[in-house]
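Biologist: I would like to learn how to read a fold, beginning with the strands and then moving on to the helices. Could you take me through it slowly?

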Amino acid sequence: MSRRSHPKKEVEQAIQYAEGHGWRVTVGGSHAWGKLYCPYNDSECRCGTFCMTSIWSTPRNATSHARDIRRVVDHCSANRNQDQGEP
């Protein structure tokens, strides 16, 4: 199933990066273009609020917003534990 692409190419590349790491994208919302959800859905991840981040439709700085999306994916505690070989 394909989704519509984000209008900012930097943000679209960050979304594809997240999808490559197994994150799920839902398009739509009130002020957001969509949301990213962690594939692990771990209760210990991000202080019990689960890994989820909003994707803004018109960020003030697209490069910065793309960097923030990548940072959330890279700093997911379940993802880091798996990379380090922990259970």
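**Reading a sheet and its helices**

Modeller: Please keep in mind that this is a predicted model. We can begin with two neighbouring strands: strand S2, residues 32–37, pairs with S3 in the antiparallel sense, and 5 bridges join them.

Biologist: What holds strands side by side in a sheet?

Modeller: In general, the strands of a sheet pair through backbone hydrogen bonds, and the pairing may be parallel or antiparallel. Here, alanine 32 has tryptophan 56 in S3 as its bridge partner, while leucine 36 has threonine 53 in S3 as its partner.

Biologist: Which residue of S2 is the bridge partner of valine 25?

Modeller: That partner is leucine 36, the residue that is also bridged to threonine 53 in S3. Strands S1 and S2 run antiparallel and are joined by 4 bridges. Their hairpin has 4 residues between the strands, and within this hairpin glycine 28 takes a positive phi near 120°.

Biologist: In what order do the strands of the open sheet lie?

Modeller: The order is S1-S2-S3, an open sheet of 3 strands with antiparallel pairing. Strand S1, residues 24–27, and strand S3, residues 52–56, are the edge strands, since each of them pairs on one side only. From one strand to the next, the twist averages 25°.

Biologist: Which strands does helix H2 touch as it packs on the sheet?

Modeller: Helix H2, residues 62–74, touches S2 and S3, and its direction makes about 165° with that of S3.

Biologist: Which residues of H1 are buried, and which exposed residues lie on the face turned away from them?

Modeller: Val11, Glu12, Ala14, Ile15 and Ala18 are the buried residues of H1. They cover an arc of only 160° around the axis, and therefore they lie on the same side of H1. The face turned away from that buried side carries the exposed residues Lys9 and Gly20.

Biologist: What covers the buried residues of H1?

Modeller: The cover includes the strands S1, S2 and S3, together with helix H2.

How values were computed: Residues are numbered from 1 along each chain as its sequence is written. This is a predicted model: local features need pLDDT of at least 70, side-chain atom pairs count only at pLDDT 80 or more; totals for chains, interfaces and linings use all residues. Side-chain values use heavy atoms; hydrogens and water are left out. Two strands pair if DSSP finds at least two bridges between them. Axes are lines fitted to C-alpha atoms, for helices over the stretch in contact, and angles run from 0 to 180 degrees between N-to-C directions. Contact means heavy atoms within 4.5 Å. Buried means under 20% relative accessible area, exposed over 50%, partly exposed in between (1.4 Å probe, protein chains only). The arc is that of the directions from the helix axis to the C-beta atoms.
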